[in-house]
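I opened the notebook to record what I looked up in this structure, entry by entry. The sequence and coordinates come first.

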Amino acid sequence: MNARIARRKRIIRVRTVEHQMAEANLARANGELASLVELAKRLETLRTDLAMAKGAVAGRALNTMGELAMRLDMAKENLAAPLAGASARRDQMGALVQSALIKEESAVRLYERSRKSAEQEAERRNDANRPHRRRTMSLRLIEGGIS
């Protein structure tokens with residue numbers, strides 16, 4: 001293995017690690033987004049479950065339910081920006097994964113090409129180092145031939 005092949009092999013290892021790190025970051029971003037989406041669904045469920053009771057209701061209870069509904073609405077509104085940020089981060093991490101995968105595949109192709117080139121060069125050198133055999137013409141006399 002020559003220096004060029006060894007260097008390309010090291011590059012493959014680096015690109016593989018970069019790709020794995022990008023995939024881990026994408027998984028983390030997906031988890032963060034899923035967590036925020038789940039939180040938004042729970043807030044929506046709490047808001048819909050907060051229903052007015054039928055019949056006579058005390059003013060204090062009505063005031064408490066109204067305040068809780070207002071707080072749930074504010075929490076949902078305040079969750080919109082982190083949701084958008086998490087979605088953008090997930091998209092960015094997805095693009096980084098694609099980029100890292102392309103770089104890794106490119107490094108593998110370069111390694112394979114240089115390995116084949118080195119094999120061909122070694123074969124050419126081995127052929128060049130073979131001892132040269134001179135081809136001699138030998139004349140055989142055929143009996144009954146030329147007199």
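This is a predicted model: local features need pLDDT of at least 70, side-chain atom pairs count only at pLDDT 80 or more; totals for chains, interfaces and linings use all residues.

Residues are numbered from 1 along each chain as its sequence is written, and side-chain values use heavy atoms, with hydrogens and water left out.

Entry on the fold. I found 3 helices and 0 strands in the chain, in the order α-α-α along the sequence; helices (H or I, at least four residues) and strands (E, at least two) are DSSP runs, numbered from the N terminus. Of the 147 residues, 16% count as buried, where buried means under 20% relative accessible area, exposed over 50% and partly exposed in between, with a 1.4 Å probe and protein chains only.

Entry on H19. This residue lies in helix α1 and is buried, at a relative accessible area of 10%. I looked up its side chain and found a polar contact with the side chain of E104, at 3.0 Å.

Entry on salt bridges. I took a salt bridge as a side-chain nitrogen of Lys or Arg within 4 Å of a carboxyl oxygen of Asp or Glu, and the search of the whole structure gave 10 of them.

- In helix α1, E18 and R15 lie 3 residues apart, about one turn of the helix, and they form a salt bridge with the closest N and O atoms 3.4 Å apart. E18 is partly exposed at 33%, and R15 is partly exposed at 27%.
- R71 bridges to E67, with the closest N and O atoms 2.9 Å apart; the two are about one helical turn from each other because they are 4 residues apart in helix α2 (residues 59-78). R71 is exposed at 53%, whereas E67 is partly exposed at 35%.
- R125 bridges to E121 with the closest N and O atoms 3.3 Å apart, and these residues are 4 apart in helix α3 (residues 80-129), so about one helical turn separates them. I also recorded that E112, R115 and E119 are joined into one network by salt bridges that share partners.

How values were computed. A polar contact is a pair of N or O atoms within 3.5 Å; within protein, one must be able to donate a hydrogen and the other to accept it, and residues adjacent in sequence count only if both atoms are side-chain atoms.
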